[in-house]
Number of protein chains: 2
Amino acid sequence: MTLEPVKGMRDFYPDELYKRNWLFDHFKKTSNIFGFEEYEACVLEHEDLYIRKAGDEITRQLYNFSDKGNRRLSLRPEITPSLARMILKKNINNSLPIRWFTIGQCFRYEKMQTGRKREHYQWNMDIVGEKSLNAESELISAIINLLTTLGLSRKEFIIKVNSRKLLNDFLLKYNISDKDFERYCILIDKIDKIGEDEFKKSLLSEGIGIEIINEIISFIKIKNICEIENFLDKSSSGGFSEILNFFELAKDYSILDCIQFDASIVRGLSYYTGMIFEVYDSKNEYRAIAGGGRYDKLFSLFGGTEIPMVGFGMGDIVISEILNDKNLFPEYNQKKNILVFAYSEKEKNMSIKITDRLRNIGKNVILDLSYKKLDKIISYTNKRGYKEIIIVAPEELKRNQVLIKNMYDRTERNINLDDFFNC
Amino acid sequence: MTLEPVKGMRDFYPDELYKRNWLFDHFKKTSNIFGFEEYEACVLEHEDLYIRKAGDEITRQLYNFSDKGNRRLSLRPEITPSLARMILKKNINNSLPIRWFTIGQCFRYEKMQTGRKREHYQWNMDIVGEKSLNAESELISAIINLLTTLGLSRKEFIIKVNSRKLLNDFLLKYNISDKDFERYCILIDKIDKIGEDEFKKSLLSEGIGIEIINEIISFIKIKNICEIENFLDKSSSGGFSEILNFFELAKDYSILDCIQFDASIVRGLSYYTGMIFEVYDSKNEYRAIAGGGRYDKLFSLFGGTEIPMVGFGMGDIVISEILNDKNLFPEYNQKKNILVFAYSEKEKNMSIKITDRLRNIGKNVILDLSYKKLDKIISYTNKRGYKEIIIVAPEELKRNQVLIKNMYDRTERNINLDDFFNC
């Protein structure tokens, strides 16, 4: 029997889970100060929640299977569809907008490459029922809050933004219809991965002329808002004015230094309809830290009426790589732990009493009734990194005392038991 | 498309997740004060981790499937085998004993009955490398600590204990061998469910005589330690003396009032080898709250050397039912949230500044830039249960002030902005 976890899955030993918990606590704290409520959907969902026609990579990489009742199920690849399902089910239209967050595990069945896993945890923040760009600004501010409280400087990351409406306006010039739009977005999202030549081939096979393809390539290379004017008219393009409005608002939010326009950002999920954004380290040494955007039509895919939604997801893997490389994770230790050592069976009762008392006042205590030699206990306590040993031994008990050994500064002190039980 | 979660699975809306988080925080706090470190294994495991020959119900109810690479996988039905796998993999024999805990989701594919789910969360505490009954006492003390800090009185629950060694000693009298022992344990565990008649039939079909079967039934009805003497000799039964030793230790631990001997407690998992215990509400109105025991031979099943292990699991469902029925869960509210309301676009910048400031000092803030009428905002804030509205309006701003409306006591107060930004 193999001792390895399933291919692509991770075990978390205490030192690793400690780091992850520290990260998740930051996710939760940022979510709280931005007024988000926590929810949770099950990791297992009906497969059809994720089946889309546009060719989303996520659909092709489902970790799906048939259960014993012949249901087609999938371990979720993302959490947004579950959120939409939960919101639709509870008909909460009358108390919108709502702000919800979750941290959940997601699975993808993809070819294994170095550093790629088949599962990760994802922090999701979503605002439901908010039409204005204020929602996007709040979410991006939350990401900045998270990254800076984790210890990154504002210069170490960049949030690239774009709008699908802008791309839509541009493609409409070439009579590329709404029907094909989602599919083209997915193709454009892959250009970095597949390269320009492959991208050209794909569009040629769709029947698009080479001049138009070259125009598209020029367009998605825009990194400066002013250059959009070379392709689109400010007054007639809703996407263009959305971008301008967003940068105005970003100025009000004092986050202009952290964001950058990038026309190549389109996101690989077909359901986005408006502003979209991806977060990268400034040196571009890692994969995307987070990504999100507006998806006002997801509800209608599920048979509901349209409700504006904006959200993002941040996985635990890339940000943890960065935090590890920059040495920003706190070190794991068991310094809060105290070991109570009974010298012999005669000291058992008093050791139990001392342990009880310490636990009652919230201390973390390991009770040791092994009656081993003290030097073995000291060596064990050292190995495990516990802070103190309380030695309950006959000599000291005669004087109504116990000896406390601090394993870090090597000091020792006697404590009177009356004081101990009365303090 | 259905809006329901997969059959037997649960969604957690914010008010529900709040309760679960409150429960989990108690799990974590008890684990910490007993000196346990947190670990996590993946919810997806190789199926063969759970395949056992003894007829464990858990093996027949696996939520298993073939993945796209034809691996036989299963959503874990329990966490103990993953723990054993992780411990074995890391060869940590030289720093034993260790105390580990985890809270994780477990899945079973079973026939749906009222109140039964196909998933639950389970709190596991395990002590690895501790031979003495001190390990059992520590775990049972931890369960008592948890239940009382949740708000139950010591009279409201009972921990039923037994030892598989005792049953083994008893069955050996009738030449029932070790080989069959595990299978018989599983049968005995089911007697309450299937009834005495069905139990008799099962043992008859195994070739056991009716007199012996009646003796077994009499034996497992023992609830008083003294009565064991009618069946076994104190001096020759290791199981009997183990029980006596455990009750001695329980006296030292001052937990005698919470425990009860019960010879019918055998647990449905074949890997237990020693002390076993199950926790029930005193009125026996609910299913078991928790269960566990010693399983010193699990490692050898996985090809490792034997290491003593004791552990228990407590699911979230039964304890939550009890806490709900006894009204012990705190009520969910959003009283920590403050809404900052910009009266018009002119007050946008100041509203953003106030929001930033509040978040920087750790307050939970929703920024509202919808510029709706104030009465709509008040009604929305009420509906969502937020504590305060900070109204950023032109009249007040002229006086360098904002108005704070408390939604709970209906008071209002003006705050000077210089004071606000400097405090």
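Modeller: Confidence comes first. Chain A has an average pLDDT of 94, and 100% of its residues reach at least 70. That matters for a close look: where pLDDT is low, the predicted coordinates should not be read in detail. For the model as a whole, ipTM is 0.95 and pTM is 0.96.

Now the strand. Find β7 in chain A, residues 157–163. Is it covered or open? β7(A) is mostly covered, with seven of its seven residues buried. Buried here means under 20% relative accessible area.

Look at the two faces next. In a regular strand the side chains alternate between the two faces of the sheet. On one side of β7(A) sit A:Phe157, A:Ile159, A:Val161 and A:Ser163. On the other sit A:Ile158, A:Lys160 and A:Asn162. Every one of these residues is buried, and both faces of the strand are covered.

Then ask which strands pair with β7(A). One is β9 of chain A, residues 275–281. It runs antiparallel to β7(A), and the pairing spans seven bridges. To find a spot on it, go to A:Asn162, whose bridge partner in β9(A) is A:Ile276. Another is β8 of chain A, residues 259–261. This pairing is parallel, over three bridges. Here A:Ile159 has A:Ile259 of β8(A) as its bridge partner.

Step back to the chain. Chain A holds 16 helices and 16 strands. Its radius of gyration is 28 Å, well over the 22 Å that the globule rule gives for 423 residues, so chain A is more spread out than a compact globule. Along the principal axes, its C-alpha atoms fill a box of roughly 95 × 55 × 45 Å. Even so, 58% of the 423 residues are buried. Among contacts in chain A with a separation of 6 or more, 66% join residues 24 or more positions apart. The accessible surface is about 18000 Å², and carbon and sulfur atoms own 46% of it.

Technical notes: Residues numbered from 1 in each chain as written. Chains lettered and ligands numbered in written order. Predicted model: local features only at pLDDT ≥ 70, side-chain atom pairs only at ≥ 80, totals over all residues. Heavy atoms only, no water. pLDDT = per-residue confidence, 0-100. Helix = DSSP H or I, 4+ residues; strand = E, 2+ residues; numbered from the N terminus. Rg over C-alpha atoms; globule rule 2.2 N^0.38 Å. Buried < 20%, exposed > 50% of the residue type's maximum accessible area, 1.4 Å probe, protein only. Contact = heavy atoms within 4.5 Å. Areas by Shrake-Rupley, 256 points an atom, 1.4 Å probe, with all protein chains shown as cover. Pairing = 2+ DSSP bridges.
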